[in-house]
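I am opening a notebook on this structure. My plan is to look up one thing at a time and write down what I find.

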Amino acid sequence: MTEKSDALAVPVDVTMRRPTLLGVPAMPILAAPRVVRRAQVEEAGALAALLGRAFEAERWDAPDTERELFCDETVKATLVVAAEGRLVATASLQVRPDLPECGWVRWVATDLDRRREGLARALVIGVLAMAGQAGCREARLYTQTDRLAAIPLYLQLGFELCGGDPEREVWARVIRLLSGGSP
Ligand SMILES: CC(C)(COP(=O)(O)OP(=O)(O)OC[C@H]1O[C@@H](n2cnc3c(N)ncnc32)[C@H](O)[C@@H]1OP(=O)(O)O)[C@@H](O)C(=O)NCCC(=O)NCCS
């Protein structure tokens, strides 16, 4: 399965919700030399490079990344997988004052050469665990209907579509596509 599909010519922005933070799986133990840890502000440049490679349509640079991930007090933590001095995957937790019971999973990305090693799964689990520790009771995230690698990950971890009828119609096509049917 490719990560983007021409079958979904017009991607739709959707919100997914995990209605509870109970039952979050245990964080998988990654084999050395990979370690999960919090990113440091000094790593804004390395994070920008990682995010820029993963989100091809977006422009990430060190100052923007520092501002967005490290200077915004709603971003509670940015987790990374580091391996041999390199950042290879990341995910962040955001908790906004308007919805303090909700932990938002943000900026989930794995470098191309390290995909399908369970890194994003480990990081999203880590973010969910941190959300629970921060007092949140549910989690949400934004994605797009053509993110056909990310959506199965989120479904696997208990997220559901959160939206009205227009989103549900597109969503039904995404699920058919992921199940191997035609959209
Ligand atoms: C989405 C993304 C973060 C997944 O990272 P990853 O580290 O490769 O994911 P994992 O190895 O932890 O995969 C966990 C599960 O996700 C799903 N998955 C991951 N990549 C997939 C792919 N290419 N096709 C289908 N399912 C996929 C699978 O269910 C997988 O479990 P499995 O390997 O046991 O089948 C990565 O592909 C990426 O960075 N994409 C570009 C940025 C992006 O779309 N971010 C999400 C924005 S909402």
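Entry 1: I began with a proline. Proline 33 sits in the loop between strand 1 and strand 2. I checked the bond before it. Alanine 32 and proline 33 are joined by a cis peptide bond, with omega at about 10°. I note for context that most peptide bonds are trans. I also note that this is a predicted model.

Entry 2: Next I looked along strand 5, where tryptophan 107 lies. Tryptophan 107 is not a glycine, yet its phi is positive, about 50°. Most residues other than glycine have a negative phi.

**Entry 3: strand pairs.** Strand 2 pairs with strand 3 (residues 75-83) in the antiparallel sense, over four bridges. Here valine 36 is opposite valine 81 of strand 3.

Then I moved to strand 6 (residues 138-144). Strand 6 runs antiparallel to strand 1 (residues 13-18), and six bridges join them. Arginine 18 has alanine 139 in strand 6 as its bridge partner.

Does strand 6 run parallel or antiparallel to strand 5? The two run parallel, joined by three bridges. In strand 6, glutamate 138 stands opposite cysteine 102.

**Entry 4: two helices.** I turned to helix 1 (residues 44-54) and helix 2 (residues 62-70). Their axes come within 8 Å and cross at roughly 100°. Angles of 65 to 115 degrees count as roughly perpendicular. Helix 1 and helix 2 are therefore roughly perpendicular to each other.

Which residues meet there? From helix 1 I list Ala44, Gly45, Leu47, Ala48 and Leu51. From helix 2 I list Ala62, Thr65, Glu66, Leu69 and Phe70. By class, this contact has seven nonpolar, two polar and one charged residues.

**Entry 5: domains.** I looked up the domain assignment of the chain. It gives domain 1 as 1-20 + 142-178 and domain 2 as 25-136. The C-alpha centres of the two domains are 21 Å apart.

**Entry 6: around the ligand.** How many residues are around the ligand? I find 23. Thr110, Arg115, Ala120, Arg121 and Leu153 come nearest. Strand 5 (102-110), helix 3 (119-133) and helix 4 (150-156) are the elements that give two or more residues to this shell. Helix 4 gives the most, with four residues. By class, the shell has 13 nonpolar, four polar and six charged residues.

Why do I place the ligand between the domains? Domain 1 and domain 2 both give residues to the shell around the ligand, so the ligand lies between them.

Definitions and conventions:
Residues are numbered from 1 along each chain as its sequence is written. This is a predicted model: local features need pLDDT of at least 70, side-chain atom pairs count only at pLDDT 80 or more; totals for chains, interfaces and linings use all residues. Two strands pair if DSSP finds at least two bridges between them. Domain bounds come from an automatic or database domain assignment. Axes are lines fitted to C-alpha atoms, for helices over the stretch in contact, and angles run from 0 to 180 degrees between N-to-C directions. Angles under 35 degrees count as roughly parallel, over 145 as roughly antiparallel, 65 to 115 as roughly perpendicular and the rest as oblique. Two residues are in contact if their C-beta atoms, placed from the backbone, lie within 7 Å. Ala, Val, Leu, Ile, Met, Phe, Trp, Tyr, Cys and Pro count as nonpolar, Asp, Glu, Lys and Arg as charged, and the others, Gly among them, as polar. A residue is near a molecule or strand if its C-beta atom, placed from the backbone, lies within 6 Å of it.
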